[in-house]
Amino acid sequence: MLNELLKRRVLMILGKGGVGRTTISAALGLAASRGGARVCVIEYDNRAPLAAVLGIEPSYEPVEAAPGMSLIALEGARTLSEYLHIVMPSPAILRTVLSSRLYSYFVPAAPGLRELIMIGKLYHEIERRPADLPPWDLVIFDGPASGQALDLLRMPLTADQIFGGSIVGREARNVANFLRDRSRCAAVQVATGDPLTVSETIEFYGALADIGMRPAAVIFNRKLTMPFGRAAIDRLARSIGDGNGAQRAPLIRRARRLADAAARNDRARKTLRDQCGPLIEVEDQSAARGRALIEVLAAEFAQLMSQPESQTIERPRA
Ligand SMILES: Nc1ncnc2c1ncn2[C@@H]1O[C@H](COP(=O)(O)OP(=O)(O)OP(=O)(O)O)[C@@H](O)[C@H]1O
Ligand SMILES: [Mg+2]
C-alpha cells in the first residue's frame with residue numbers, strides 16, 4: 001500500500017490535531033527521498049515546526065532540508081503577494097492588483113482567499129514549476145487539523161463558484177480538479193488508537209468523501225504491540241503465586257495495563273480498517289523525539305517500502 005501511495009504526485013497528510021501529521025510527513029519525505037525520489041514537503045503550520053526540527057529557516061521557496069528533500073513553509077502573511085507574483089507574471093498587472101481598493105478590501109474580508117492561495121501553492125509546485133527546475137516526484141502536504149483542513153480543501157470548489165470565469169475562478173477550478181484526481185493526489189489520514197481520534201477519523205473520512213476526496217489510506221501511528229496478552233499474564237501471576245507479592249504485584253499490574261492498552265489498540269485498528277480503508281502501521285516510539293523520532297519512523301517506512309506488496313497491504317474487510 002505504501003508503495004502504491006508513493007506513486008502519486010501529491011500526498012495530503014490529514015488528521016486530528018496531535019496525531020503525528022507533521023512527524024509522519026517528514027518521515028515519509030525522508031524515506032521517499034532516500035528511495036531516490038525528489039521530494040518537497042510543504043508545511044501549512046504557521047509556527048513552521050518542521051523547519052525548526054530539520055534545522056532550516058522557514059521559507060516560501062523550497063529549501064533543501066536533507067539530500068533530495070526540500071521544505072516549503074507556507075507562512076500566511078507573505079504567501080498572498082508571492083503567490084500573485086506567480087500567477088500574474090506581468091508586473092504591471094500585479095502592481096495594479098496589489099494597489100487596488102478591491103484587493104485591500106477583499107483580502108482581509110475574505111479569509112478564504114488566503115486559504116485558496118495556500119492550497120494553490122501546492123498545485124503550483126506540481127503544475128507550474130518553472131521549466132528550468134527539475135519537477136518534484138512527490139509533494140507531501142502536512143495539512144492542518146481536520147476541521148481547518150476541510151475549510152481549506154473546500155475552498156477551491158467554493159471559489160470556483162464565486163469567482164466564475166475570472167483568473168481566480170479558473171485557478172480555483174484547476175486546483176479543485178487536481179485535488180480530486182485520485183491517480184495523482186491521495187488524501188491520507190493519520191490516526192492513533194485513542195477512541196476520540198478513531199471516531200473523528202471515521203467522521204472525517206465521510207466528510208472528505210463528500211467533497212470528492214475519499215482518503216486512499218490511513219497511517220495508523222503509535223501502534224502498540226505486546227508479545228503476550230492479558231490471559232498469559234494472568235496465568236503467569238497464578239503460577240508464581242503470592243511469594244514476594246509486594247515486589248511482583250506492581251509489575252503484574254503494569255503488564256496487565258500494557259496488555260489491555262495493546263488490545264484496545266488492536267480493536268481501534270480493526271475498526272479503522274473496516275471503516276476507512278487500508279492501514280499502514282507505524283510503531284509507537286516513545287523513547288525518541290524530534291529529529292531522532294523522524295529518523296526512526298523513516299526507517300520503518302523504508303522497511304515497508306522494501307517489502308513485497310502482499311505483506312504491506314491490509315485490505316478492508318468486505
Ligand atoms: N510514532 C510515534 N511514536 C512516539 N511519539 C510520536 C509518534 N508520532 C508522533 N509522536 C509525538 O506526538 C506528538 C505530536 O506529533 P506531531 O507534532 O507530528 O503531530 P501533529 O499531528 O502534526 O500535531 P499538530 O496538530 O500540533 O500539528 C509529538 O510530541 C511527537 O513527538
Ligand atoms: Mg503538525
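**Figure 1. Surroundings of ligand 1.** In this predicted model, 18 residues surround ligand 1 (C-beta atom, placed from the backbone, within 6 Å of the molecule), and the closest are Gly17, Gly20, Arg21, Thr22 and Thr23. The elements giving two or more residues to this shell are α2, β7 (217-223) and α13 (290-306); helices (H or I, at least four residues) and strands (E, at least two) are DSSP runs, numbered from the N terminus. Helix α2 gives the most, with 3 residues. By class, the shell around ligand 1 holds 5 nonpolar, 8 polar and 5 charged residues. Ala, Val, Leu, Ile, Met, Phe, Trp, Tyr, Cys and Pro count as nonpolar, Asp, Glu, Lys and Arg as charged, and the others, Gly among them, as polar. Residues are numbered from 1 along each chain as its sequence is written, while chains are lettered from A and ligands numbered from 1 in the order in which they are written. Local features need pLDDT of at least 70 and side-chain atom pairs count only at pLDDT 80 or more, whereas totals for chains, interfaces and linings use all residues.

**Figure 2. Helix α2.** The 14 residues of helix α2 (residues 21-34) should span 20 Å at 1.5 Å a residue, and the end C-alpha atoms are 20 Å apart, which agrees; the expected span is 1.5 Å times one less than the number of residues. Of the 14 residues of α2, 13 are buried. A residue is buried if 20 or more other C-beta atoms, placed from the backbone, lie within 10 Å of its own, exposed if 12 or fewer, and partly exposed in between. Gly36, which follows α2, has a positive phi near 105°.

**Figure 3. Packing of α8 against α9.** The axes of helix α8 (residues 146-163) and helix α9 (residues 167-179) come within 8 Å and cross at roughly 145°. Axes are lines fitted to C-alpha atoms, for helices over the stretch in contact, and angles run from 0 to 180 degrees between N-to-C directions. Residues of α8 including Leu153, Leu157 and Phe163 meet residues of α9, among them Val168, Ala172 and Leu179; two residues are in contact if their C-beta atoms, placed from the backbone, lie within 7 Å. By class, the contact of α8 with α9 has 10 nonpolar, 1 polar and 2 charged residues.

**Figure 4. Ser146 in helix α8.** Ser146 lies in helix α8 and is buried, because 20 other C-beta atoms are within 10 Å. Neighbours within four places in sequence aside, Ser146 is in contact with Leu14, Gly15, Lys16, Glu200 and Phe204. Ser146 and Gly15 are 131 residues apart in sequence, yet their C-alpha atoms are 5.3 Å apart.

**Figure 5. Ala186 and Ser183.** Ala186 belongs to strand β6 (residues 185-191), whereas Ser183 is in the loop between α9 and β6. Ala186 is buried, with 22 other C-beta atoms within 10 Å; Ser183 is exposed, with 8. Leaving aside neighbours within four places in sequence, Ala186 is in contact with Leu5, Arg8, Leu11, Met12 and Ala216. The C-alpha atoms of Ala186 and Ala217, 31 residues apart along the chain, are separated by 8.3 Å. Ser183 and Lys7 are 176 residues apart along the chain, and their C-alpha atoms are separated by 8.6 Å.
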